[in-house]
Amino acid sequence: MSEIGKQYRANVIGIISTACVLLLFGLFVSNSFYVTTLVFALIAAIPAIGLTLLFGFAGLASLGQAAFVGIGAYSAALLTDRLGLPPILSVISAIIIATIAGWVVARPLLRLGGHYLTMVSLAFGVMMYLVFSQMSSITGGLDPGFLLTTPFGIGPWNLGNTFSMYWVCAIGTVVTLIVAINLEYSRVGRGLRALRSSEPAAEGVGIDTVAYKSMVFATAAGMAGFSGALYAFFMRSFNASAFSFQLSIELLIIVIIGSLRSIWGALFGALIVTLLPAVLEHFNDYKLFIYGAIMVLIMMFLPDGLFHGLLELRNVVRNRKAKA
């Protein structure tokens, strides 16, 4: 078996293992605080996976992902409450709307490069935040916000409570991982790696760089929209402040801490960034200092991210056992 085949098989095993862990957690953990915290981690992991494809694989740094999360959230909420669409169809529609919005934005945006792309994506995120906050007749703005009266459900099954939404978010995360892993090992994934290494060289071997960049940008936007739709049905009451510039920064931190070179880094990073503040809750006076110090230490001593750091540690342990 080739090296790529081995890597793909390892990722498939990783997906199965993740599904099993989520299954066991859902079956044996009944504390609503722990379940709620993990739901937020899973909701954060989905757009972080898309950002890993965008930033880590294609080398396109975007600070506007919060806008697509907001587009997904408001699309799902409005389609359900105002148009009476079934929740599951509203979620699917929200993904499609966010994906189309990502594609439309990508066409002019990707003519820029480097820090220009980052700044324009930031401007787009700020612009959409202003739209969400000022169009209060549609979105509810900052106060009172949007109240989603219809719980999530599929057919006759009401899945609006915390524990039911955990299963929905767990399945959604696993599906997102499957899509991302298959994209990574597809022709598109190989093209994205070539594009990140050298765009002129990629164009020289016949890769349509504009189409590839637009595709990955739209894919990342669709994943962000999916996350926003899940967030809307989980919270049921939210306002525009949930989709501010701070969310884009948090997603970027998740990806950098987890790993820019691996889809799994997004999942690890989301768990760390979401769970760490809850763990430090008992150190309220020093929480921000400890949180910041841990983040700095991870970036100093694990520059490739926490996931790759754990892999290297595993390899060191295996080598020592082999020598022994």
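Predicted model: local features only at pLDDT ≥ 70, side-chain atom pairs only at ≥ 80, totals over all residues.

Colleague: How is a pair of aromatic rings described?

Modeller: Such a pair is characterised by the distance between the ring centres and by the angle between the ring planes. This structure holds 16 aromatic pairs. In one of them, the centres of the Phe-68 and Phe-124 rings are 5.4 Å apart and the planes stand at 35°, so the pair is classed as tilted.

Colleague: Which parts of the chain does the pair of Phe-68 and Phe-124 tie together?

Modeller: Phe-68 belongs to helix α3 (residues 65-81) and Phe-124 to helix α5 (residues 114-134), so the pair joins parts that are 56 residues apart in sequence. Phe-124 is buried, with a relative accessible area of 13%.

Colleague: What geometry does the pair of Phe-68 and Phe-217 have?

Modeller: Phe-68 and Phe-217 form an edge-to-face pair, with 6.0 Å from centre to centre and 85° between the planes. This pair links distant parts of the chain, since Phe-217 is in helix α10 (residues 209-235), 149 residues from Phe-68 in helix α3. Phe-217 counts as buried at 2% relative accessibility. Elsewhere, ring pairs link Tyr-74, Phe-132, Phe-146, Tyr-231, Phe-238 and Phe-243 into a cluster.

Colleague: Let us turn to the cysteines. How many disulfides does the structure hold?

Modeller: A disulfide is a covalent bond joining the sulfur atoms of two cysteines. The structure holds 0 disulfides. For Cys-20, the closest cysteine sulfur is that of Cys-169, 19 Å away, which is too far for a bond because a disulfide requires the sulfur atoms to lie within 2.5 Å.

Colleague: Finally, at what angle do α3 and α11 pack?

Modeller: The angle between α3 and helix α11 (residues 245-258) is about 115°, and their axes are 7 Å apart. The two helices, α3 and α11, are therefore roughly perpendicular to each other. The crossing of α3 past α11 is right-handed.

Colleague: Which residues meet where α3 and α11 pack?

Modeller: Gln-65, Ala-66 and Val-69 of α3 meet Leu-247, Ser-248 and Leu-251 of α11.

Definitions and conventions
Residues numbered from 1 in each chain as written. Heavy atoms only, no water. Phe/Tyr/Trp six-rings, centres within 6.5 Å; stacked < 30°, edge-to-face > 60°. Helix = DSSP H or I, 4+ residues; strand = E, 2+ residues; numbered from the N terminus. Buried < 20%, exposed > 50% of the residue type's maximum accessible area, 1.4 Å probe, protein only. Axes fitted to C-alpha atoms, helices over the stretch in contact; angles between N-to-C directions. Parallel < 35°, antiparallel > 145°, perpendicular 65-115°, else oblique. Left-handed = near helix turned anticlockwise from the far one by under 90°. Contact = heavy atoms within 4.5 Å.
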